[in-house]
Amino acid sequence: MKKATSIALAIMTLCAGAQADELLVGVQIPLTGPLARVGMGTQEGIRVAAEVFNKTNGKHTIKLVTVDDESAPAKAVAAVEKLASEGVVAITGGYGSNNISPASDAANKLGLAYMTSGGVDDGLVEAGRKNFFRINNTAGYQKALVGLISDLGVKSVSIIYSTKDATEGLATDVQKTLAAKGIKVAMHAFDPAITDFKPIINKVKLQDRSEFIAMVGYENDYVGILRAARVLKPQAKAIAGVWSLATPKMAADFPDLMPNVYGTAVLPFPVNFTTPEGKTFGETYKKLHNKEPDYLGQFGYVQSMLLFDAIARAADKGTLKKGGVIEELRKTDKQTLIGRVQFNAKGDNPNFVQRMGQHQGKQVVLVWPKESANGKPVFPGVPW
């Protein structure tokens, strides 16, 4: 009897040891408000990362705890504080530098690592936060937009930009770089609250007469600008935006506005993944969401897998509550779906370079740089 009991206890002990250690990870993300579309796209990738990690790690499992920050800075702070109260070991998510800045400050005070792909304002990595990490940055977007404009050979550009920190900073950097190349640039700032872009487009049409329009804003801004352009029909030969524009969801939601519009894109849509990780990501994404992945999902996946791996390493070393996640993230050096990712002392990824895609039919075709392109740009080409 004693022998049987001992065997039973041994089996129970083995089974308990075989059970994965559950780790809570907070997701602070906009699911309502003006950033809801990009927030949901990023969240889809985060969910895929948790699914893949939980199937492949074997020792640990990730449980996501999600709080909607409603696209508002104060709500983003409240979301981080709520997640901390529920015992999360780190936070992934965030969108919009104006929301991410106070949210990551709150996480820093609470000793939680904060991982994002939704904030590119340089101020985020210049503020001295020890907990902040991002996989993308302004420099990568600037190179892509300037590279496309240069390769198309246009001589004049109108930049229409939001006065939010990240967008104004990127617009200014692009303006300086283009001017240094001898390209004529006209700048048009707009308050994030405005919805009628016809006065600005009228200036572009009658005063600037530029060959190229560059939009530096967010989804709702792009929609407003493109609607105004369809009405007033400026003589531009091309129009482009940056983040959250070259996505299949934008094409589906605004089919009349997207034809020939350029935007940043890591991969074309639809994409044929060739690496083992890429295939796993693509298959899992389709299984969970019943659709093809886009770049927002890819970013959400990459940032979260890097975080989950760091959490697992810290858990193995017993340093989860001793700053171990932050320490492990600083050691990161990995080839991912968006290229090589490392983090410098400021939490930035110095290897990041974006690409430019163009809406062509129901596809997003990569057109810049040439070595990554899977098609040629339709130029001249605008949606009006």
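Leaving aside its neighbours within four places in sequence, which residues is Asp165 in contact with? Let's start there and then visit the other close-up views.

This is a predicted model, in which local features need pLDDT of at least 70 and side-chain atom pairs count only at pLDDT 80 or more, while totals for chains, interfaces and linings use all residues. Residues are numbered from 1 along each chain as its sequence is written, and side-chain values use heavy atoms, with hydrogens and water left out.

**View 1. Asp165 and its contacts.** Beyond its neighbours within four places in sequence, Asp165 is in contact with Asn98 and Asp121; contact means heavy atoms within 4.5 Å. Asp165 lies in helix H7 (residues 165–180). Helices here are DSSP runs of H or I with at least four residues, strands are runs of E with at least two, and both are numbered from the N terminus. At 47% relative accessibility, Asp165 counts as partly exposed. On this scale, buried means under 20% relative accessible area, exposed means over 50%, and partly exposed is in between (1.4 Å probe, protein chains only). Between the C-alpha atoms of Asp165 and Val261 there are 24 Å in space, and the two residues are 96 apart in sequence.

**View 2. Helices H3 and H4.** Two packed helices are described by the angle between their axes and the distance between the axes. The axes of H3 (residues 73–85) and H4 (residues 97–109) come within 8 Å and cross at roughly 30 degrees. Axes are lines fitted to C-alpha atoms, for helices over the stretch in contact, and angles run from 0 to 180 degrees between N-to-C directions. H3 and H4 are therefore roughly parallel to each other. Angles under 35 degrees count as roughly parallel, over 145 as roughly antiparallel, 65 to 115 as roughly perpendicular, and the rest as oblique. On the H3 side, Pro73, Ala76, Val77 and Val80 meet a group from H4 that includes Asn98, Pro102 and Ala106. The residues of this contact divide into eight nonpolar, two polar and no charged. Here Ala, Val, Leu, Ile, Met, Phe, Trp, Tyr, Cys and Pro count as nonpolar, Asp, Glu, Lys and Arg as charged, and the others, Gly among them, as polar.

**View 3. Helices H2 and H12.** H2 (residues 36–56) and H12 pack with their axes 7 Å apart, at an angle of about 40 degrees. That makes H2 oblique to H12. The residues that meet include Gly41, Gly45 and Phe53 in H2, and Gly297, Tyr301 and Phe308 in H12. Twelve nonpolar, seven polar and one charged residue make up the contact of H2 with H12.

**View 4. Salt bridges that link parts of the chain.** The whole structure has 22 salt bridges, each a side-chain nitrogen of Lys or Arg within 4 Å of a carboxyl oxygen of Asp or Glu. One of them joins the side chains of Arg134 and Asp348 (3.0 Å, N to O). Arg134 lies in strand S5 (residues 132–134) and Asp348 in the loop between strands S12 (339–342) and S13 (356–360), so this pair ties together parts that are 214 residues apart in sequence. Both Arg134 and Asp348 are buried. Asp309 and Lys334 also meet in a salt bridge (3.2 Å, N to O). Asp309 is in helix H12 (residues 295–317) and Lys334 in strand S11 (residues 333–336), 25 residues apart.

View 5. Glu328 forms a salt bridge with Lys331, with the closest N and O atoms 3.5 Å apart. Glu328 is buried, at a relative accessible area of 2%, whereas Lys331 is partly exposed at 47%. Salt bridges that share partners join Arg313, Lys317, Glu327, Glu328 and Lys331 into one network.

**View 6. Backbone details to look out for.** Most residues other than glycine have a negative phi, and most peptide bonds are trans. The bond from Phe269 to Pro270 is cis, with omega near -10 degrees, and Pro270 sits in the loop between S10 and helix H11 (276–289). Another cis peptide bond joins Phe379 and Pro380, where omega is about -5 degrees. Arg209 has a positive phi, near 50 degrees, and is exposed, with a relative accessible area of 54%.
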